[in-house]
Amino acid sequence: MPELPEVETTRLGLLPRLQGRTLSRIVVRNPHLRWPVPDDLEARLAGHALSRLDRRGKYLLFDFGAATQIVHLGMSGSLRFAAPDEPAALHDHVDWVFDDGTTLRLRDPRRFGAVLWTRDLSRHPLLAHLGPEPLEPAFDAAYLHAQCQRRKTAIKQVIMDAQVVVGVGNIYASESLFHAGIRPATSARRLSHPACARLAAAIRQVLAAAIAAGGSSLRDYVHSSGELGYFQLQTRVYDRAGLPCKACATPIRRIVQGQRASFYCPTCQR
Ligand SMILES: [Zn+2]
């Protein structure tokens, strides 16, 4: 599943070729994504130039001035540049064709992604209640500690709650808790201010490292095939049940929380 670093890597890969370009047309082959692609998407956006491409959580925000297009990659979505006259494959649901012929193509086999538009981002129901960005200053130890004090759930579920902080998916939650030395099932209320400081710092560090890894691999994707791919993260605990901890050799444990797998080292995380 594309997580925040993959979405940010996608944004950085698309920006140089699309910024300032005028959208000529949109081809919707299958509108049945998580929500239907609006009938009037092309009418709202075509003829306008892309002034900015931003990200909020895992939403890509294409600012065309007259309206902003919101794209979410869902479970299996990816955006890439199609070659001229390249036929669309089975799961290539939407194309955006720009004035210089550049074609951006959305592939989404499971169709949990979304393509929407809005005139008022701040009041859009998908965006209005999102918590702070993990890499911005508002997400700090004091903020995380205050959020933890208000909740009775396990810390892993707190940091995966988009109303607390956006973009911390399952992989990055397990990895961040490992780096902070905190077990995923620990009650959020029991975490001290220093523990929250370690965790906030670990979340920033893990996400920034993943974005940097994506950025360094981006050139290869764009140059080899025009495709923006996703990168394999070198995980410390995620998906390593039974394997030795890379820090202390204790076997990594797997538990299930809220129907999601969590992984931790019983020695390094107390
Ligand atoms: Zn360990």
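Begin at Gly181, which comes just after helix 5 and takes a positive phi of about 70 degrees. Helices here are DSSP runs of H or I with at least four residues, strands are E runs of at least two, and both are numbered from the N terminus. Before going on, note that this is a predicted model, in which local features need pLDDT of at least 70, side-chain atom pairs count only at pLDDT 80 or more, and totals for chains, interfaces and linings use all residues. Residues are numbered from 1 along each chain as its sequence is written, and side-chain values use heavy atoms, with hydrogens and water left out.

Now select helix 5 itself, residues 170-180: nine of its eleven residues are buried, so the helix is largely enclosed by the rest of the structure. (Buried means under 20% relative accessible area, exposed over 50%, and partly exposed in between, using a 1.4 Å probe and protein chains only.) Among the buried ones are Asn170, Tyr172, Glu175 and Phe178.

**Helix 1**

Jump to residues 4-18. Helix 1 has 15 residues, and at 1.5 Å a residue it should span 21 Å; its end C-alpha atoms are 20 Å apart, which agrees. (The expected span is 1.5 Å times one less than the number of residues.) Twelve of those 15 residues are buried, so helix 1 too is largely enclosed by the rest of the structure. The buried set includes Leu4, Glu8, Arg11, Leu14 and Leu18. After the helix comes Gly20, with a positive phi near 85 degrees.

Which residues have the most contacts inside the largest nonpolar core? Select Phe62, Leu79 and Trp96, which hold that place in a core of 27 residues. (A nonpolar core is a set of buried Ala, Val, Leu, Ile, Met, Phe, Trp, Tyr and Cys residues joined through side-chain atoms within 4.5 Å.) Elements that each supply at least two residues of this core include helix 1, strand 3 (59-63), strand 5 (78-82) and strand 6 (92-98). Helix 1 gives the largest share, four residues. There is also a second, separate core of 25 residues, and Leu144, Ile155, Tyr172 and Ile182 are in it.

While you're here, pick out Cys148 in helix 3. Cys148 is buried, with a relative accessible area of 0%. Draw a line from its C-alpha to that of Ala213, 65 residues apart along the chain, and the separation is 30 Å.

**Salt bridges**

Time to show the charged side chains. The whole structure has 13 salt bridges, each defined as a side-chain nitrogen of Lys or Arg within 4 Å of a carboxyl oxygen of Asp or Glu.

Zoom in on Asp100 and Arg21, whose side chains meet at 3.5 Å, N to O. Asp100 sits in the loop between strand 6 and strand 7 and Arg21 in the loop between helix 1 and strand 1, so the pair ties together parts that are 79 residues apart in sequence. Both are partly exposed: Asp100 at 42% relative accessibility, Arg21 at 29%.

Next, find Arg56 and Glu133, a salt bridge at 3.0 Å, N to O. This pair links distant parts of the chain, with Arg56 in strand 2 (residues 52-56) and Glu133 in the loop between strand 8 and helix 3 (141-149), 77 residues apart. Arg56 is partly exposed at 23%, whereas Glu133 is buried at 7%.

Asp120 is partly exposed at 30%, and Arg123 is exposed at 65%.

**Two positive phi values**

Most residues other than glycine have a negative phi. Ala249, however, has a positive one, near 75 degrees, and lies in the loop between helix 6 (193-225) and strand 9 (253-257). Gln259 also has a positive phi, near 65 degrees, and is found in the loop between strand 9 and strand 10 (260-264). Gln259 is exposed, at 79% relative accessibility.
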